[in-house]
Amino acid sequence: MTDFAAVRLQTEDFSQDAEIIALKASSKRMGGIATFLGCARDFSEGREVSTIGFEAYGAMALSEMQQLRLDAIAKFELLDARIVHRIATVTAGDNIVFIAAGAEHRVAALAACHWMIDELKLRVPIWKKESTPQGDAWVVPHP
Amino acid sequence: MIQVLFFGPVADRVGQSTLSVDYQPNLSLQALRDTLAARYPQAFELVCMTAVNGQHVREGSMLLADQSEVTFMAKFSGG
């Protein structure tokens, strides 16, 4: 049975459709939904990437993601929001992170979605390691 | 006892993901960091964030309570 909380860390893949259905179920006033899907690439920093592994400080990461959702709801007057991040080893094309913001109108939904993924990268203790033919390396974030 | 956690690139450089430090009264976060940084200098080159009991802490002067969980973290790269 899938835990279908609005904020989750999980090993398994997620369904964007299921997340959007859950988001829409929270309010009939929702006129705009913006989503962000982060997925794995097979090329990074000039190197082929075979797999990407994620590691999290689980308790803190979940707590930060929950607070991030609440902050976004308050800041952008959202009707609801969802954040799901996989903690697993993934290959090119696999889903990594999904963010959805639902608001009465599109402007708030789009701005909130953009803000949440930027904030997630700054606030949530998750690290990724890329495996390449040259060896494994932890990713150093770009500004 | 204070539990120290490391993740990702910091854990790789330390060579382990946890260690325990004896509790001492008036032990500050900065003092603990200085002690561990002297022991694991390459790992602490990467440390730019610290959490105590799962909360971000920026004040090195914070005194650590017994049974605290302290985490020294590299810049995040999720998403």
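Predicted model: local features only at pLDDT ≥ 70, side-chain atom pairs only at ≥ 80, totals over all residues.
Local features need pLDDT of at least 70, side-chain atom pairs count only at pLDDT 80 or more, and totals for chains, interfaces and linings use all residues. Residues are numbered from 1 along each chain as its sequence is written, while chains are lettered from A and ligands numbered from 1 in the order in which they are written.

Start with chain B. It holds three helices and five strands. Both kinds of element are DSSP runs, numbered from the N terminus: helices are H or I with at least four residues, strands are E with at least two. Read from the N terminus, the order in chain B is β-α-β-α-α-β-β-β. The radius of gyration of chain B is 12 Å, close to the 12 Å that the globule rule gives for 79 residues, so chain B is as compact as a globular protein of that length. That radius is taken over C-alpha atoms, and the rule is 2.2 Å times the number of residues to the power 0.38. Along the principal axes, the C-alpha atoms of chain B fill a box of roughly 35 × 25 × 15 Å.

How much of chain B is buried? Of its 79 residues, 29% count as buried. A buried residue has 20 or more other C-beta atoms within 10 Å of its own, an exposed one has 12 or fewer, and a partly exposed one lies in between; the C-beta atoms are placed from the backbone. Contacts in chain B also reach along the sequence. Among those between residues at least 6 apart, 60% join residues at least 24 apart. Two residues are in contact if their C-beta atoms, placed from the backbone, lie within 7 Å.

Now look at helix α2 of chain B, residues 29–39. B:Leu29, B:Leu32 and B:Leu36 are buried there. Seen down the axis of α2(B), these buried residues fall within an arc of 65°, so they line one face of the helix. The arc is that of the directions from the helix axis to the C-beta atoms. On the other side of α2(B), B:Thr35 and B:Ala38 are exposed. The buried residues pack against β1 (2–6), β2 (18–21), α3 (41–44), β3 and β5 of chain B.

Two loop residues of chain B stand out by their backbone. B:Asn53 sits in the loop between β3 (47–52) and β4 (55–56). Its phi is near 50°, a positive value in a residue other than glycine. B:Asn53 is partly exposed, with 15 other C-beta atoms within 10 Å. B:Gln67 lies in the loop between β4 and β5 (69–74) of chain B. B:Gln67 is not a glycine either, yet has a positive phi of about 75°. B:Gln67 is exposed, with 10 other C-beta atoms within 10 Å.

Turn to chain A and its helix α3. The buried residues of α3(A) are A:Ala108, A:Ala109, A:Ala112, A:Cys113, A:Met116 and A:Leu120. They cover an arc of only 130° around the axis, which puts them on the same side of α3(A). The face turned away from that side carries the exposed residues A:Val107 and A:Asp118. The cover over the buried residues of α3(A) includes β2 (32–39), α2 (58–76), β6 (80–86) and β8 (95–103) of chain A.

Finally, the two chains meet. In all, 21 residues of chain A are in contact with 14 residues of chain B. On the side of chain A that touches chain B, α3(A) gives the most, with four residues.
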